[in-house]
Amino acid sequence: MTQPIFLVGPMGAGKSTIGKLLAAQLGLPFADSDKVLEDRTGADIPWIFDVEGEAGFRRRESEVLKDLCTGEPQVIATGGGIVLAPENRALLKAHGFVVYLRASLDQLVERTSKNNNRPLLQVADPKGKLREILLQREPLYSEVADLVCDTNDCTPKQASILVSDRLLSGVDG
């Protein structure tokens, strides 16, 4: 790969976990855009949401993406909402190979239920909120994807092998 590989998908799809494994398989560095954002600001994402709101967080997220687009070939796990901004979708398509990690609503609920570090899910009905997020974002993930990988029925390692195999064989999805 001569360009970054961006992993997109909803929270709980496995972007960070699969991304680390994929980077190791491909011999590439790994970056998590949320972690980069936290390191730059010295604050965690829930705090940024509390202080600056979602709009402030999204602005910072876009700045991080711009910087990651100009970097070396690497595997980059993006935040689940990175696709909301049209300029981010354009950056993803223009500067890298985009893999959409797809998962069912039930899988996403199960995977996110024990993590309190997800500001958008701090509501009375997290499953309803995830459903709403998926309805809004699924078409956007599909729009930017060069490859779609379903993560429902496989372990993170199996998913990373599947993506790696498809990347190395040149199969687009």
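Trainee: Let's start with Ser 62: where is it found?

Mentor: Ser 62 sits in helix H3. Keep in mind that this is a predicted model.

Trainee: Why does Ser 62 count as buried?

Mentor: Its relative accessibility is 10%. Buried means under 20%, so Ser 62 gets that label.

Trainee: And what makes the link between Ser 62 and Asn 88 a polar contact?

Mentor: Their side chains come together at 3.1 Å. The cut-off for such a pair of N or O atoms is 3.5 Å, so 3.1 Å falls inside the limit.

Trainee: Which helix does Asn 88 belong to, and which residues there are buried?

Mentor: Helix H4, which covers residues 86-95. The buried ones are Asn 88, Arg 89, Leu 91 and Leu 92.

Trainee: How do you know that those four are on the same side of H4?

Mentor: Look at the arc they cover around the axis: only 160 degrees, which puts them on the same side of H4. On the face turned away from that buried side you'll find the exposed residues Pro 86 and Ala 94.

Trainee: What covers the buried residues of H4?

Mentor: The cover includes strand S1 (5-8), helix H3 (45-69), strand S4 (97-102) and helix H6 (126-144).

Trainee: H3 is in that list. Why are H3 and H4 called roughly parallel?

Mentor: Two packed helices are described by the angle between their axes and the distance between the axes. Here the axes come within 10 Å and cross at roughly 15 degrees. Angles under 35 degrees count as roughly parallel, and that is therefore the name for H3 and H4. The crossing is left-handed.

Trainee: Which residues meet there?

Mentor: From H3, it's Ser 62, Leu 65, Lys 66 and Cys 69; from H4, it's Asn 88, Leu 91, Leu 92 and His 95. There's our Ser 62 again, along with Asn 88.

Trainee: Can we zoom in on Ser 160? How do you know whether it is buried or exposed?

Mentor: Use the number again: Ser 160 in helix H7 has 1% relative accessibility, so it counts as buried. Remember, the limit is under 20%.

Trainee: What does the side chain of Ser 160 reach?

Mentor: It reaches the backbone oxygen of Lys 157 at 2.8 Å. There's also a polar contact of 3.0 Å between the side chains of Ser 160 and Gln 25. Leaving aside neighbours within four places in sequence, Ser 160 is in contact with Ile 18, Leu 21, Leu 22 and Gln 25.

Trainee: What makes Thr 70 exposed?

Mentor: Thr 70 lies in the loop between H3 and strand S3 (75-77), and its relative accessible area is 65%. Exposed means over 50%, so Thr 70 qualifies. Its side chain still reaches the backbone oxygen of Asp 67, at 2.9 Å.

Trainee: Where is Pro 10, and why is it called buried?

Mentor: Pro 10 is in the loop between S1 and H1. Its relative accessible area is 1%, which is under 20%, so the word is buried.

Definitions and conventions
Residues numbered from 1 in each chain as written. Predicted model: local features only at pLDDT ≥ 70, side-chain atom pairs only at ≥ 80, totals over all residues. Heavy atoms only, no water. Buried < 20%, exposed > 50% of the residue type's maximum accessible area, 1.4 Å probe, protein only. Helix = DSSP H or I, 4+ residues; strand = E, 2+ residues; numbered from the N terminus. Arc of directions from axis to C-beta. Contact = heavy atoms within 4.5 Å. Polar contact = N/O pair within 3.5 Å; in protein donor to acceptor, adjacent residues only side chain to side chain. Axes fitted to C-alpha atoms, helices over the stretch in contact; angles between N-to-C directions. Parallel < 35°, antiparallel > 145°, perpendicular 65-115°, else oblique. Left-handed = near helix turned anticlockwise from the far one by under 90°.
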